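Here is a short briefing for a first look at this structure. Keep the sequence and the 3D view at hand while you read.

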Amino acid sequence: MMMGKANESYIKKMIEDGTRPDGRAFDEYREISVKTGVIENAEGSAEVKIGNTTVLAGVKMAVGTPFPDTPAEGVLIVNAEFAPIASPTFESGPPDENAVEMSRIIDRAIRESHTIDVGKLCIEEGEKVWMVNVDIYVTDHDGNLRDAGALAAMAALLTARIPKFDGERVIFGEYEGTVPLNDTPTETTIAKISNNLLIDTTIEEESAIDALITIGVTKKDEICAIQKSGSGYFTEEELIKAAEMAIEKGKQLRKHLKA
Amino acid sequence: MTENKSEVLVKEKEIVIPGQTLAKGLDYLPSNGCYRSNNEIKSKVMGLTKIKDRYIGVIPLAGVYVPKPGDGIIGTVSDIQSTFWIVDINSPYDSILQLGEAVGEYVDLNKTDISTYFDVGDVIYAKVLNVAKSKNITLTMNDYRAKKLSGGKLLSITPTKVPRLIGREGSMIELIKNKTDCQIIVGQNGIVWIKGEKETLAIKAILTIERESHISGLTDKITKLLGGEKDGE
Amino acid sequence: MGSKVGAPEKLIVKGKRLDGRKLDEFRPLVANVHPLAKARGSGEFKFGNTHAVSAVFGPKPFFPRGLQDPKNTILTCKYTMIPFSTKERIRPGRSRRSTEISKVIREALEQVIFTEDYPKTGIDIFIDIMQADASTRCAGLNAASIATADAGVPMADLISSCAVGKVDGEIILDVGGLEDNYGDVDFAVATVGKQDKFVLLQLDGAVTLDEFKKMVKLAKEGCGKVYELQQEALKQRYKTGDEQ
């Protein structure tokens, strides 16, 4: 806690002077790496690093019953966990409101962009459909978990395969086809510090954040998800600028998703 | 081109709401219940304006009691420790009454349990001695009005309406006391103690004042209420 | 959302929406102060059939003591939808959605409440959705804003919230039930009164940048209208001295 307050003052000063502790530009990501197929038992998996932040994502397929109002569509479930190993501030236990929020933010971009072609995941209308479980596991927290989590989720989905289903049981290890995808949405989180907009804040910079917003963008440059969280506010002008930044950065992030 | 002309936009005793601009310009200063936003003074609460010279304040029409040194309050002893009592004064903050501030004589703690002076559940009238920055509140009985209150009835009203209940130079509360033959003590913390002949009538009058404190003509209404009743019901 | 069961063919016919509204028209709005007798402060807000009630308790001592904030009051917010507020019954208890909504509502109110005026205490804000017909979090936040003012908690200004959407390619104000289910976009926002300060922003759906710009403008105007209604309701509270 003490570190937070101390950090805040020098970071704000640096940002007001136009620099960041690690010398990056305000609209620059740290080094990004995306590795897929990292967990064999998962139908799809990825490990994403943005700077020191490391997030794993895994896709597990299951057969379940569809929702009553969409009897011929598969179901997407996104869940994010902050592992205690990732940060001194994470405690073990059920997801707290921050983890719940992150789950829903990542879910939102994938769902609202109709990324997964859920119509193609029907096994028996009204009875059996494929459930796509995307689990996001943060293993090292150095800021900007959402962008890393969203990128990992998307990378995992891009390589996710559908296991065989013999009518009764799922046969893991044997596959028929890949999860059908329509889009590759990306999410960029923009932070406001002393009236400046920055992307990819490190944990050090996080203590100085006045307001935070995560914006999801489809491959057609449409905005598909927005979540403002934490304190502070955005003016109309800042909001539009943040949207423009997210669209621009989306293009960069998508380059890392070559399956 | 700065129009720095200062102006007050509201009248005295006007009902205002949070965020409402009360004055423009730098000549005016925010008092309780107000804050400055650039060159405007705005209200923080729903309440009645109070304008004194260059100070603009708002008296809240609702809210909790925040103690000030010197306030006379009525509280209930809620806990006893070895050398002090914890007193509930209808505030979000705890208050402490030290042995030395409650009892004038020497007390041999080996022989006496301080509950013989005040026990859990006792009602007392005391004065707020000090409010620390940490919001720890200390009380004292070192005041001619301070005493244990036995019997009678306790009533709770919104603390910000206490001045209205007391009235100008005590006129309102004296009116009620006389017409109902009751002893009435009003704590700044909104707790009222009543003991006497027509306690119920007094309570009725007090609750009416609480409900209608912002409406004019209240004195007449209360006079009628008290005068028109025969035997206390 | 595409091929949902029961989707009407068109949501906008001849410039009018299914319930007859114009594109930038609100449903009937209702704002009431102090609908509940026992809470320190309470408020109520309706967008048509969406009905939210909020109660505020405190400032009061915050427990456990070890988690008290020595400089500020701590806001706790709980958003709940009652089981029979929707067509399909909602199981009582918390859900991930209610956790998220409780969080964003609390964060919006934190922007205006003078938390430093009551250190070491806590303020509890409860929001109950009595009936849901879209824009529930907006109605909840509007009601909570009124309730907080009613409780005498010091605020810099009120928070005003509404939702805009996109159906059949058109941008609309105040998304209603069917429009929420079958429309393309739902964008909930909240502003600090009429100021250019957005304190809540949640968007579901897909819009181009240009559409987004239009939606932001429309939402801002909508919040302004909600603000006027909230102000009027608060002013009425003590006008005639009618308590409920």
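This is a predicted model: local features need pLDDT of at least 70, side-chain atom pairs count only at pLDDT 80 or more; totals for chains, interfaces and linings use all residues.

Ala23(B) has Ile41(B) in β6(B) as its bridge partner.

- The bridge partners Ala23(B) and Ile41(B) sit where β3 (residues 21-24) and β6 (residues 40-43) of chain B pair. These two strands run antiparallel and share three bridges.
- The sheet as a whole is open and has four strands. Their order in chain B is β1-β3-β6-β5, with antiparallel pairing.
- Which strands stand at the edges? They are β1 (7-8) and β5 (34-37) of chain B. Each has a single partner strand, so one side of each has no neighbour in the sheet.
- β5(B) is joined to β6(B) by four bridges, and the two run antiparallel. Here Tyr35(B) stands opposite Lys42(B) of β6(B).
- β5(B) and β6(B) form a hairpin with two residues between the strands. In this hairpin Asn38(B) has a positive phi, near 55°.
- In a regular strand, side chains alternate between the two faces of the sheet.

**Two packed helices in chain B**

- Two packed helices are described by the angle between their axes and by the distance between those axes.
- For α3 (residues 171-180) and α5 (residues 218-227) of chain B, the angle is about 10° and the axes lie 10 Å apart.
- Angles under 35 degrees count as roughly parallel. α3(B) and α5(B) are therefore roughly parallel to each other.
- On the α3(B) side, the contact involves Met172(B), Leu175(B), Ile176(B), Lys179(B) and Thr180(B). On the α5(B) side, it involves Thr219(B), Ile222(B), Thr223(B), Leu226(B) and Gly227(B).
- By class, this helix contact has five nonpolar, four polar and one charged residues.

**Domains of chain B**

- Chain B is divided into domain 1 (7-60), domain 2 (72-149) and domain 3 (153-227).
- How far apart do the C-alpha centres of domain 1 and domain 3 of chain B lie? The distance is 28 Å.

**Chain C on its own**

- The secondary structure of chain C consists of four helices and 11 strands.
- The C-alpha trace of chain C spans about 55 × 40 × 35 Å along its principal axes.
- Chain C has a radius of gyration of 18 Å. A compact globule with 244 residues would have a value near 18 Å, so the two agree.

**Where chain C meets chain A**

- In this contact, 29 residues of chain C touch 32 residues of chain A.
- On the chain C side, α1 (96-110), β11 (198-207) and α4 (209-237) each give two or more residues. β11(C) gives the most, with 10 residues.
- That side of chain C divides into 13 nonpolar, five polar and 11 charged residues.
- Strand pairing also links the two chains: β12 (residues 223-229) of chain A pairs with β11(C). The sense is antiparallel, over four bridges.
- Gln227(A) stands opposite Gln202(C) in β11(C).

**Where chain B meets chain C**

- Here 20 residues of chain B are in contact with 27 residues of chain C.
- What classes make up the side of chain B that touches chain C? There are 12 nonpolar, four polar and four charged residues.

Note on methods
Residues are numbered from 1 along each chain as its sequence is written. Chains are lettered from A and ligands numbered from 1 in the order in which they are written. Two residues are in contact if their C-beta atoms, placed from the backbone, lie within 7 Å. Ala, Val, Leu, Ile, Met, Phe, Trp, Tyr, Cys and Pro count as nonpolar, Asp, Glu, Lys and Arg as charged, and the others, Gly among them, as polar. Two strands pair if DSSP finds at least two bridges between them. Domain bounds come from an automatic or database domain assignment. Axes are lines fitted to C-alpha atoms, for helices over the stretch in contact, and angles run from 0 to 180 degrees between N-to-C directions. Angles under 35 degrees count as roughly parallel, over 145 as roughly antiparallel, 65 to 115 as roughly perpendicular and the rest as oblique. The radius of gyration is taken over C-alpha atoms; the globule rule is 2.2 Å times the number of residues to the power 0.38.
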